Structure formats: structure tokens, C-alpha cells
Amino acid sequence: MTATALRHDWTLQEARSLFELPFNDLLFRAQTVHRQNFDPNEVQVSTLLSIKTGACPEDCKYCPQSGHYNTGLEKEKLLELEKVVAEARAARDKGASRFCMGAAWRSPTVKDMPYVLDMVREVKSLGLETCMTLGMLKPEQAAELAEAGLDYYNHNLDTSEKYYSHIITTRTYQDRLDTLENVRNAGMKVCCGGIMGMGEDEDDRVGMLVQLANLPQHPESVPVNMLVKVKGTPMENVEDLDPFEFIRVLAVARIMMPASHVRLSAGRETMNEQMQALCFLAGANSIFYGEKLLTTSNPEADADMALFRRLGIRPEKREQCASETQDEEAIVGALEYEASRHLFYDASLESA
Ligand code: SF4
């Protein structure tokens, strides 16, 4: 198995040519690259918690948390540390290996930082990998988070530079690139991707992937989201994206960033199992597992386990400390339980 060389000099034309391949050729190529870099039957599993919900000053047109739109979302203040730790422990016991915490902020304030740093330390001490998304970061904030033990920072580009102003006006594309650079310089891993189906065209999808692949270092995680259309946001009635086009994005991301985890992220609940299986075939090898994906619901954990079982997928193994091995045992246990459950029929549940 030879790992594919990482490139940072992709041209738009090269990426376009990949998108234009016949679907089967594209998937075959993506799966070949995938197998050179990963175990094709392993998927990394993360859990996501919203630590501060709603009333965000930014105007991202897809987002129910933006204070600019009335989506009926219940706002919540920054969660207490104890609550976050309890959720992280529960996620770990359900088998997650990474715990992602998201706050609806433009950027963290001086007042917020100590709480956030405590969250990182406490969640990390449970043996979980930590990830946060808190908006824009200054170099010193990134350094503080890294010092507290934050492993990953999520900050998405969302779309191409060309289409960006149709989606967000309160921060620039360059602001986003600056935050990504600050995160890298602080020594953290980068989680960065985008959202498909926001009315962009294929050239925008190409442009976003070229931007990501030509960063000085590929993001370790590349979340590819399908827009979840939320009533009250400007995107509520945008036209559906062809599901095959979405799968093409995953496949091209896999080819251009061969060693990154490509995450099948928001919007998964609207995808049937066949579509999710095709996404895995295209090279997606990370999902969020659990009941909530920030403010949009995520497929029930049991359904995920059942799908893993039917596809022969295992949660990704990592070199790790004892507590992380326990995490894996927990998720393998959950898979085995799910596998054995259908053997027993409990009639008393039928009327529940
Ligand atoms: S995507 Fe993030 S920054 Fe944009 S409105 Fe939503 S919470 Fe705020």
C-alpha cells in the first residue's frame, strides 16, 4: 500500500477534470486513493456538543444560530463546565473518540476564554481528543487553546472565495484564512471544510476544494456538509443539490487531500443508507455520532450502529492511551450489542 504524495499545487482545471469524470471512474479513483491511505472499512467517530447556542452576531445565511434570522431556536448561554464534562463523559461511554464543542460566537471574548480553556482541560482529562469551534481566533487565543491541550480547531471556509459574499457579509474570506493560519501556527490540527447545496455552482465547489488542498498543510479533517435547510433562514427554499454531485465532492476531496479524514457531516439525516454507503465508498471516513449535531438533529445512534454493522464498518483504531482503548471497546461493544439485538424480539416493545 503506497500512500499518495500530498500536493498543494492543484489547479482549478485539474480539479474540474476530476469532477467531470464519469461517476464510476471517479469513485474507483477515489476508492483507490482511499485504500492507499486508510483502512477502507474504518470510520472515525466524533460527538458534537453546542456549548453556547444562538444569538450569533454573524449573518451566515444557512445558520439557525445567527441572530439576524428568526428561526425559533432556543438560545442558551455558555454551558456550565460540569454539564460539558458530563456530556463528554457520556459521549466517551457511547464510543466517541473525539469531543467537539461549538459556540455561536464571532470570536471568543476575554471574559469567555478562561471557561473555554477549563472545558478543554477537563474534557481532555477524560481521555478524549478535543475539538472546538468558537469563531475567529487571534494568534494569542489560538496559542492559549493549544497550551490548554486543544487538539483540533474547526473553522470552515464554507464555499469558494467567489461565492462567499452571497453567504456571509459580516466576516471576510481572508478573516477565515487568517484564523486557519493562527490555528496552524499554534500547533493545532485543522478541521476545515464547507457546505454544499447553498445555491453555489460546480465551479464554487471546485474552488473551495482547490483552496483547501492548496493550504500550506491539508486540514487533518475536512467536513463536507449538505445544507440543512432551516425555516427562517435565507436558505430555507434553496434548490436541492443533486445527491450524486454531493458524492462527487467527497470523492474529489479524497483524491486531492488523500491523507485527510473526510467527514460526512451535517445533512446526513436526510440521506438514506444507500447514499451514506456511497459516501463511504467515495472516501468519507469520519462521521458525527450521537443525537445532536449542534442545533440540527443527527440520525439516531442506533441507526448509525446498525448501518456500520450492515456495511462491515468498524470505528477507527488509533494508537492511544488506556482510556482511549476503553473508548474503542465501548463502541465495539455497542456494535456487538446492535448486532445481537435483532436476534431477540421483545413483543412488549411493540406497543411502546
Ligand atoms: S455559522 Fe457560526 S458564525 Fe455563522 S452565524 Fe452560525 S454560529 Fe455564527
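Val-210 is buried, with a relative accessible area of 10%, in this predicted model. The residue belongs to helix α7, which covers residues 202-213. Across the protein chain of 352 residues, 55% count as buried, and the secondary structure comprises 11 helices and 12 strands. Among contacts between residues at least 6 apart in sequence, 75% join residues at least 24 apart.

**Val-210 and its surroundings**

- Beyond residues up to four places away in sequence, Val-210 touches Trp-10, Thr-11, Leu-12, Ala-15 and Met-256.
- Val-210 and Gln-13 are 197 residues apart along the chain, while their C-alpha atoms are separated by 9.9 Å.
- Val-210 is classed as buried because its relative accessible area of 10% falls under the 20% limit.

**Nonpolar cores**

- The largest nonpolar core contains 95 residues, of which Met-132, Leu-145, Leu-209 and Phe-246 touch the most other members.
- Helix α8 (residues 243-256) gives the most to this core, contributing 9 residues.
- Apart from this core lies another of 5 residues, including Cys-100, Cys-131, Tyr-152 and Phe-288.
- With neighbours within four places in sequence left aside, Phe-246 is in contact with Met-196, Val-224, Asn-225, Met-226, Leu-241, Leu-264, Met-271, Met-275 and Cys-279.

**Helix α4**

- Helix α4 runs over residues 113-125; at 1.5 Å a residue its 13 residues should span 18 Å, and the end C-alpha atoms are 18 Å apart, in agreement with that expectation.
- Met-113, Val-116, Leu-117, Met-119, Val-120 and Val-123 are the buried residues of α4.
- Viewed down the axis of α4, these buried residues fall within an arc of 155°, so they line one face of the helix.
- An α-helix has 3.6 residues a turn, so residues three or four places apart point the same way.
- Tyr-115 and Ser-125 are exposed on the other side of α4.
- The packing partners of the buried α4 residues are β1 (42-52), α3 (81-93), β2 (98-103), β3 (129-133) and α5 (139-148).

**Helix α6 and Asn-182**

- The 13 residues of α6 should span 18 Å at 1.5 Å a residue; the end C-alpha atoms of α6 are 19 Å apart, which agrees.
- The buried residues of α6 are Tyr-173, Arg-176, Leu-177, Thr-179, Leu-180, Asn-182, Val-183 and Arg-184.
- These buried residues of α6 pack against α5, β4 (152-154), β5 (189-191) and α7.
- Asn-182, a residue of helix α6 (residues 173-185), is buried with a relative accessible area of 15%.
- Leaving out neighbours within four places in sequence, the contacts of Asn-182 are Leu-137, Lys-138, Pro-139 and Ala-142.

**Ligand surroundings**

- The residues surrounding the ligand are Cys-56, Glu-58, Cys-60, Tyr-62, Cys-63, Gln-65, Ser-66, Ala-104 and Arg-171.
- Sorted by class, the shell around the ligand holds 5 nonpolar, 2 polar and 2 charged residues.

Key: Residues are numbered from 1 along each chain as its sequence is written. This is a predicted model: local features need pLDDT of at least 70, side-chain atom pairs count only at pLDDT 80 or more; totals for chains, interfaces and linings use all residues. Side-chain values use heavy atoms; hydrogens and water are left out. A nonpolar core is a set of buried Ala, Val, Leu, Ile, Met, Phe, Trp, Tyr and Cys residues joined through side-chain atoms within 4.5 Å. Buried means under 20% relative accessible area, exposed over 50%, partly exposed in between (1.4 Å probe, protein chains only). Helices (H or I, at least four residues) and strands (E, at least two) are DSSP runs, numbered from the N terminus. Contact means heavy atoms within 4.5 Å. A residue is near a molecule or strand if one of its heavy atoms lies within 4 Å of it. Ala, Val, Leu, Ile, Met, Phe, Trp, Tyr, Cys and Pro count as nonpolar, Asp, Glu, Lys and Arg as charged, and the others, Gly among them, as polar. The expected span of a helix is 1.5 Å times one less than its number of residues. The arc is that of the directions from the helix axis to the C-beta atoms.
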